Amino acid sequence: MASFTLHGIPVSRGISIGRAHLLTPAALDVKHYLVPEEQVEAEVARLQDAIAEVHRGLQALWTELPKDAPTELGAFIDVHALILSDPMISEAPLDIIRTRHYNAEWALVTQIDELSSQFDEIEDEYLRERKHDIQQVAERVLKVLMGSASAMPPSFPAGEDHAPPSMIVVAHDISPADMLAFRDRDGENRSFIGFVTDVGGQNSHTAIVARSLDIPAVVGLSQASRLIEQDDWVIIDGDAGVVICNPSQLVLEQYRARQAALIKARKRLLKLKKTPAVTKDGTAITLLANIELPDDCPGALEAGAMGVGLFRSEFLFMGRGPNGLKVPGEDEQFEQYRKAVVAMKGRPVTIRTLDVGADKPLDPTEHTALNPALGLRAIRYCLAEPQLFLTQLRAILRASAYGKVRILIPMLAHAFEIDQTLAMIEQAKAQLRAEGVKYDPGVEVGAMIEIPAAALALPMFVKRMQFLSIGTNDLIQYLLAIDRVDYEVAHLYNPLHPAVLNLIAHTIATGHKAGLDVAVCGEMAGDPKLTRLLLGMGLREFSMHPAQLLAVKQEILNSDLAAITTRTRRILRAVEPDEIAAAVEQLQNLG
Ligand code: PEP
Ligand code: MG
């Protein structure tokens, strides 16, 4: 098999070596996990039972047809029954379960996708359109399967013999919700060891969730899902953004050696877990965790996080069924927020209010605006849906009775948005008080600084807010006019652009001057190559995925603030990109 190399955008570090597992878009809509050998026949039976039930349902439809029903109706039921009996539907997916160990839903959509693409090539229009009948039949079966009990992934028994195969997911695209589902469904004994996609940007939310999984990932590879074949051997170099397909033995060995060295280096870092994050000259730095779900808290504590700097609450709202509108109610949200607060054992938990829209749509099936990143996103959406917002605020406030909670508001740009938000928080408090429900009256409210206008109009914010958190992911997107999820402009997404650096430095300085805590919770905070630069700008609070925390801490421990600050001032005055990049590298190599 010919070896070839693809270059993309590195999004999650490290090296993975495994077999390719191609995921089609349809397969992403259903649960997908591997079934252990001993459960394969049970899974086969589950699919057979579902098919039989759909058969019975069709028969019942037939017998219940009113006498005067149009003849097409009976014919339509016949066609569906015939399709269901065809071995392509009733047998081929069973083979997929037996050979590839896919769960029933995944096996079925894999087969349907295969059939659909065959149908697309048929010239006869009538026959080509039968594709929709097949899809409808499959949907009937899926509906039954999804209602059947064992729809969750089993955990793989421990031990070498049963170790799950190491799979690298290859897909055209993966939505943030699907990526999160990988983490949830795949559980502790992960069978997926890397991700490769055709599209996506470095700081898309899909990439961010991939980083939180802490396994290598490369996006924006353009043609990966077309060129890589099922079961091909693949190496992901998550640092370089390189994917090597069918590597030679020599290349494989080189990467295995690099992989072993990386694992060793990571193990060394673990020693820093309990070491306080203090610079060489004795300045204490606060290291916080970015989380998606409360279950991330133990991992955050384990990595030595001093609290949660960003709880992306929208992940509680996403991937909840086809219309996406089954939003969690107040009690469900409260339980989740409380879980995070309790898990952090008295450390602060910064809960960001719902940041939906753009690449995190609440309802993926809904028509999206032409420029969703500039549309009804985050706080704009919440203020347009006051009931939904109030429900979330009440839930967050209720959780504040169980530990230190801070409320963080995304995408603010206008004074009236801040005022309306604060008024709604007061309204939520008043309601709770009237109901005799406990909450912490001293809950701090802060703003994400992620729209350039906000960074350029800070007095408006510092007057009204109690803390600031810089969202560099969006700040860069909006400042440089680069869609953060579009791989075609990813090369223009440059955190070291002088405009970006100066705006960040200005925000930190202005916030501090006003006596406010200022954090960075965008991806820049978790990049150890930028730690010293941010320290030099005066940043004292970093929030990042727990997996990045120890590497950043190591940088902090080796940093001499006085030397860094002088050099950073020079970097901020520089205008030439090459000069800036070289100076940042020098900063990095400073003793
Ligand atoms: C950011 O924009 O930097 C940020 C932290 O928020 P998100 O990535 O969720 O948009
Ligand atoms: Mg943002």
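How many bridges join strand E9 to strand E16, and do these strands run parallel or antiparallel? Four bridges join E9 (residues 286-291) to E16 (residues 541-544), and the two run parallel. Helices here (H or I, at least four residues) and strands (E, at least two) are DSSP runs, numbered from the N terminus, and two strands pair if DSSP finds at least two bridges between them. Within this pair, Thr286 sits opposite Glu541 of E16. E9 and E16 both belong to a closed barrel of eight strands with parallel pairing, in the order E9-E10-E11-E12-E13-E14-E15-E16. From one strand to the next, the twist averages 25°.

A few words on the basis of all this. The model is predicted, so local features need pLDDT of at least 70 and side-chain atom pairs count only at pLDDT 80 or more, while totals for chains, interfaces and linings use all residues. Residues are numbered from 1 along each chain as its sequence is written, chains are lettered from A and ligands numbered from 1 in the order in which they are written, and side-chain values use heavy atoms, with hydrogens and water left out.

Next comes the metal site. The magnesium ion (ligand 2) is coordinated by Glu450 through OE and by Asp474 through OD, at 2.0 to 2.1 Å. Glu450 lies in the loop between strand E13 (444-449) and helix H17 (452-456), and Asp474 in helix H19 (residues 472-480), so the pair ties together parts that are 24 residues apart in sequence. Donors are N, O and S atoms within 2.8 Å of the metal (3.2 Å for Na, K and Ca), and because water is not among the atoms, sites may look incomplete. Glu450 is buried at 2% relative accessibility, and Asp474 is buried with a relative accessible area of 2%. Buried means under 20% relative accessible area, exposed over 50%, and partly exposed in between (1.4 Å probe, protein chains only).

The hairpin of E7 and E8 has four residues between the strands, and in it Gly241 takes a positive phi near 75°.

Val170, in strand E4 (residues 167-171), is buried, with a relative accessible area of 0%. Leaving aside residues up to four places away in sequence, its contacts (heavy atoms within 4.5 Å) include Ala20, His21, Leu22 and Val196. Val170 and His21 are 149 residues apart in sequence, yet their C-alpha atoms are 5.7 Å apart in space.

In helix H5 (residues 92-100), the buried residues are Ala92, Pro93, Leu94, Ile96 and Ile97, and their cover includes helix H2 (40-63), helix H4 (87-90) and helix H6 (104-120). His101 follows H5 and has a positive phi, near 65°. Elsewhere, helix H23 (residues 561-573) packs against helix H24 (residues 577-589) at an angle of about 175°, with their axes 10 Å apart. The contact involves residues including Ile564 and Arg567 of H23 and Ile580 and Leu587 of H24.

Key: Axes are lines fitted to C-alpha atoms, for helices over the stretch in contact, and angles run from 0 to 180 degrees between N-to-C directions.
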